[in-house]
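Open the chain in your viewer and keep the selection panel at hand. This tour moves from one selection to the next.

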Amino acid sequence: SNPFEVKVNRQKFDILGRKTKNDVGLPGVSRSKAIKKRNQTLLKEYKEREKTNVFKDKRFGEYNAKITPEEKMIRRFALERQQSYGKKNIYNLNEDEELTHYGQSLAEIEKLNDIVDSDSDTEERGTLSAELTAAHFGGGGGLLRKKVSSEQQDEEEEKPKSRKELIEEMIAKSKQEKQERQTRRESALELTEKLDKDWKEIQTLIARKTPKSERKDKEVEKPKPDEYDMIVRELGFEMKAKPSERLKTEEELAKEEQARLQKLEADRLRRMRGIDEEANKKRPSHMSADDLADGFILDKDDRRLLSYKDGKINIENEEEEGEEEKEEEEEGEEEDNENEEESQEESASEDEEGDAADSHSDLESDLESEEEAAGNKEEKEHKADENESQNVEKLDPEREAAKSELPYTFTVPESYEAFKSLLVGRTIEQQLIILERIQKCNHPSLAVGNKAKLEKLFGFLLEYIGELATLDLPELRTIDRLVLPLYNLCQMFPEAASDSIKFILRDAAHDLEGVIEVKGRATFPDLDTLIYLKIVSLLFPTCDFWHPVVTPAFMYMSQLLTKCRITTLQDVIKGLFICCLFLEYVSLSRRFVPELINFLLGVLHISLPKNQAQGYTVVHPFTPVGKNLELLLVCDKEDLKSWEKQNVPLSIVTRLKETSRTEINHTRLSCLALCLDLIKKCAVLYESLPSFHEIMHPVRILLTQHVPVNDYPEKMQEWYHSALKELENKVKHYTPLICEKKKPVPLKQYTPKIVKVLEFGRKQAGSKKEQERKQLIQRHKRELKGAIREIRKDNQYLARMQLSEIMERDSARKRKVKELLGSLATQEGEWKAMKRKKWKN
């Protein structure tokens, strides 16, 4: 190392007991050590994060020294039997256990079945004599020494044999043993063949067949099948489930429906024009009795060749061929008709000749024959005219029925006038059929511009519904039935539907604000706007926190209940209708609507006499004093007695002026009953609010202290008591919110505040436990900082590794893309060169 690069941390003073770190060292050595350590630990863990290549010894009791080997074997055998019983042998019933010894079945070992090889070599496999091994693998020295020693003991005078002689003796001995074994095997085979022959001869004498009569007696009756066996057989013969047909897509269904309607329309037009279907059928040509029908010749080859034009199938040729075929068919029909007429004339002439021959009139003059022929022609023409007149009479009612039928195919009208002309004068069922057929014939999947056309149709239908609502006698039943096709169009095109209804609501709100700015007060809108608000709740979800259509409608209705003055009974009915819509809007979301509670309180207020004392406040648009207070007050006792509970129809708004006084009083009482019913529903809806009692307190006071219950009919009293019961029986679920009590601020005093000042840098002395506790806290902080620092460095290291992997993958991908592009370029060049060569050739 370079001594000039060594870094030395010098201290001014040496202090006893203070440990110094990194007094002398090279710069960057600690950092390189940390990186090296992370490469060995953290990088290795990161690379092996998804690998499981660690071998774990899970043998029972392998590392438990307290268990003896016998206990280990017993426990292992029990666990093995338990595992096999739970998985493989769960369905093996009444079977004995198979005992093994060193992996071999004891049952097979006890059978002692030695496998005899059928090879010609009869030497015992796997056994080598000691002499052979000593001769071949021991070099013969041992055998030689053994032989020499034995011979020395017996005959010391004889010389020892050489190695060659010993090997020759051993070979001769092995050949002799082999020949002996072969002879024994051949003799055994001969004996077995002889025994087989003898047995076959004896078997014919021993074997005896029993007669059929004895067999039947000996036969044991077969047991009848059990119920379980019968059920199993029935299950075996049951039909297997067959795959169902593929469900058709929306486009396929639309095409099929369009084809069906087009076919029906073509049939209707044919019936309306009086074209008989049977007359258009091709009549068979005239055939003589001697024709054997053996002159069948193909006029032309009807097969079409597949052709392409600009990469597409050439359909024009097919259409031209189809037109040519139609023309040929028409020409053939004309020729057939001519041939039929000729054949009829020939048959007529043959009949005449036959009659003449029978009557022996061959000598008559030619004039008489011509007159007879002319008479026959006139008779035929007369008969033909009669047949035609009968066909016309039959087709006339069919024509009228076809003309009275609705067309099966419609195009989407381009303007509202055209749309209105399709529906005006039709029954509601016919109008629904027309709208359904317009949607089916112009489905968006059938053509490109159908979507825009059907979006216009939604606007036309909305305008038509508004026009029906503004009539002198509004057709509410028709409007109710037309909501279904409106809903279907809204489901197909939700964006266009929301834009159309937002446009209507925006215009209505703008008109309301303009009237308020000019006059300072406004009136309730017409019936068409109220019906649009009802349609909004049917087409769009009302439980969303915010919706592009429902939220503006919600705001518009709240403005109507707060800014429109109540001057007539029609205004009360419209306001109650908006209250019903509010409850329908918030039935799922349970959103609190203060305008609703205020309007119901005002409706109860205008049903009371003027001079009655008040213990409640009335908010705009209702006033505590004025000329429009007693709108729902009924003083006539006869009308009170004759009143019966009935729903308030919305169409009564237009014909209220033409009704009698009794009917008006009955309508007032019905409005009051509806108000009590709405109060009951509000109590059920808002019972879980924390401030329920405070919200409904004015309504409760008005019902209990001011409403003259005894003057109303019995049915009204029942409605009153049920509403009051819902208001009074609600338990407080929440305690009202109360501000937290704060301690009173003390007065300022002038006594000095003494603060203990310590010397800077000195630790305050204390007990031994306090000092140890402070040391532990300081050490914990130091360790925590070091751990956080190491974790941060580890995260940075891992981020660098991941970035390097990503860069390597990107570079490899770029390299492969370049290679692919280069290969494609070369292929393109070769292809172009080959093409040029072809053009030159």
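**Salt bridges, stop by stop**

Select lysine 681: partly exposed, at 46% relative accessibility (buried is under 20% relative accessible area, exposed over 50%, partly exposed in between; 1.4 Å probe, protein chains only). This is a predicted model, where local features need pLDDT of at least 70, side-chain atom pairs count only at pLDDT 80 or more, and totals for chains, interfaces and linings use all residues. Residues are numbered from 1 along each chain as its sequence is written, and side-chain values use heavy atoms, leaving out hydrogens and water.

Aspartate 677 is buried, at 17%. Helices are DSSP runs of H or I, at least four residues, numbered from the N terminus.

Next, select helix H27 (residues 714–728), which holds lysine 715 and glutamate 718, three residues apart. Their side chains form a salt bridge at 3.9 Å, N to O. Lysine 715 is partly exposed, at 43%.

Now select glutamate 257 and lysine 440. Their salt bridge is 3.3 Å, N to O. It links distant parts of the chain: helix H10 (residues 250–273) and helix H15 (residues 428–441), with the partners 183 residues apart. Glutamate 257 is buried at 18%; lysine 440 is partly exposed at 28%.

Finally, show every salt bridge: the count is 17.

Methods
Salt bridge = Lys/Arg side-chain N within 4 Å of Asp/Glu carboxyl O. Helix = DSSP H or I, 4+ residues; strand = E, 2+ residues; numbered from the N terminus.
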